[in-house]
Amino acid sequence: MKRNKSTHDINKFLRLLICTACLLLCGCQRDAVSTGTLLKLAEVRSIPAGKWSTHVESLQFIPLETNEQSLIGRINKIGYLDEVIYVLSDNNKLTAFRNDGSYIRNYCAIGNGPGELESFMDFDVDQENVYIIGYNKVSTFSKDGTFQKETNLKAIPSAIKKTKDGMLFYLSTPVGEDCLAYMDAEGNWSTTLQKNEPLRLNRPNSWLRLPDGNFIFQKGYSMEAVLFREDSQQFEDIDLTDAPTALTLAEQEQIQKEQGSKGLFDSGKIIYDGLASSASQLIFAEGDKNGTSLYLRDLEQNKTCSFIVSEMEDDVTFTEGKFLDYASCGYSNGAYLLSYLEADVLREVFQNHEENPNYPLVMKLHDESNPVILLFRLKD
């Protein structure tokens with residue numbers, strides 16, 4: 001990792017780390033300290049590193065069906081539930097595919113009428129419904145695509161998380177003094193966090209759901225965070241680690257003010273990024289001027305794992321997909337990981353690998369093909 005990256009390059013790199021971290025779902029030998037529902041991370045520098053592909057059972061390439069209805073743009077987010085792949089693309093489409101890549105349906109439509117949105121900002125799914133947010137409302141659809149209801153919002157959100165009894169929203173262009181809001185099942189806009197709290201919630205995979213149903217949100221590139229308790233509808237400040245070299249939020253703000261984002265890596269402090277999770281795992285990345293590492297905190301087994309980026313770049317499975325270089329989003333629940341690569345990138349990767357069993361599939365993809373989903377099944 002170069003220390004003289006531009007702000008754009010650093011932000012791009014950190015986004016890749018979040019996605020890459022979703023690959024690293026395994027067990028490890030180091031216990032961490034648990035304090036109630038909040039889990040302090042172990043001293044990460046003392047944790048042995050490993051290669052993630054040793055924990056992958058299989059890698060499946062899933063070309064998404066390409067027709068007039070299913071043609072999508074650049075993928076902004078992937079969801080996966082009950083063997084259905086949900087893809088939110090930048091051309092205002094939320095499309096469902098089976099796990100063999102065949103097209104199922106599109107959800108919602110562009111417009112101002114019932115069941116329509118002017119643009120698609122984010123989505124979430126649960127066992128029953130699909131939830132999509134636009135500029136100032138959330139539309140609910142059943143899994144079969146039937147429009148259920150829509151609810152007007154008091155501000156413009158950019159991310160949504162379905163909770164047990166309501167919904168959480170991050171407000172990208174907040175009205176008044178609000179930037180994080182909770183709406184209960186009756187549509188009451190009941191709890192908010194002030195917008196002067198610099199949360200990195202503009203991407204949906206920064207939301208961490210704890211096993212007890214509460215949520216954690218990361219502040220900046222620090223390990224300072226906000227805990228939301230749905231039962232009391234209260235927010236409180238917490239620290240995810242007490243490591244003395246961890247960058248604090250105040251230090252981040254001062255460095256960025258004086259030096260810009262590139263100064264973060266030269267500060268002598270460890271910066272963190274990439275709060276992503278399943279029901280049982282917290283995934284994050286740490287970086288400083290010496291390099292970058294990726295970590296998994298297993299909330300059920302009370303263990304933490306470490307992976308070094310430089311080692312993974314030499315990993316056969318990892319290199320085959322060029323995941324670090326090209327991927328920009330992913331999804332994992334601890335049993336598998338989904339990400340994607342564009343058809344032209346895959347052809348470039350496989351052009352000299354005729355012996356690979358995926359070679360015939362990849363090389364017949366045409367330029368207008370939808371992206372290909374990479375489905376990694378992980379070992380127990």
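In what order do the four strands of the open sheet with antiparallel pairing come? Here are my notes, starting with that one.

1. The order is β19-β20-β21-β22. Strands here are DSSP E runs of at least two residues, helices are H or I runs of at least four, and both are numbered from the N terminus. Two strands count as paired if DSSP finds at least two bridges between them. At the edges sit β19 (207–209) and β22 (234–239), each pairing on one side only. On average, neighbouring strands in this sheet are turned by 30° against each other, direction ignored (the axes are lines fitted to C-alpha atoms).

2. A word on what you're looking at: this is a predicted model, where local features need pLDDT of at least 70 and side-chain atom pairs count only at pLDDT 80 or more, while totals for chains, interfaces and linings use all residues. Residues are numbered from 1 along each chain as its sequence is written, and side-chain values use heavy atoms, with hydrogens and water left out.

3. Back to the sheet for a moment. Strand β21 (residues 224–229) runs antiparallel to β22, and six bridges join them. To find one of these on screen, go to L227, whose bridge partner in β22 is E236.

4. Zooming out, the protein has seven helices and 29 strands. Of its 380 residues, 54% are buried, meaning under 20% relative accessible area with a 1.4 Å probe, counting protein chains only. Among contacts (heavy atoms within 4.5 Å) with a separation of 6 or more, 51% are between residues 24 or more positions apart.

5. Take L374: beyond its neighbours within four places in sequence, its contacts are L59, Q60, F61, L337, L338, S339, Y340 and L341.

6. Finally, have a look at T163, in the loop between β15 (156–162) and β16 (166–173). Is T163 buried or exposed? T163 is buried, because its relative accessible area is 4%. Its side chain reaches the backbone nitrogen of G166 at 2.9 Å. Neighbours within four places in sequence aside, T163 is in contact with L168, Y182, R209, F215 and E230.

Notes: Buried < 20%, exposed > 50% of the residue type's maximum accessible area, 1.4 Å probe, protein only. Axes fitted to C-alpha atoms, helices over the stretch in contact; angles between N-to-C directions. Polar contact = N/O pair within 3.5 Å; in protein donor to acceptor, adjacent residues only side chain to side chain.
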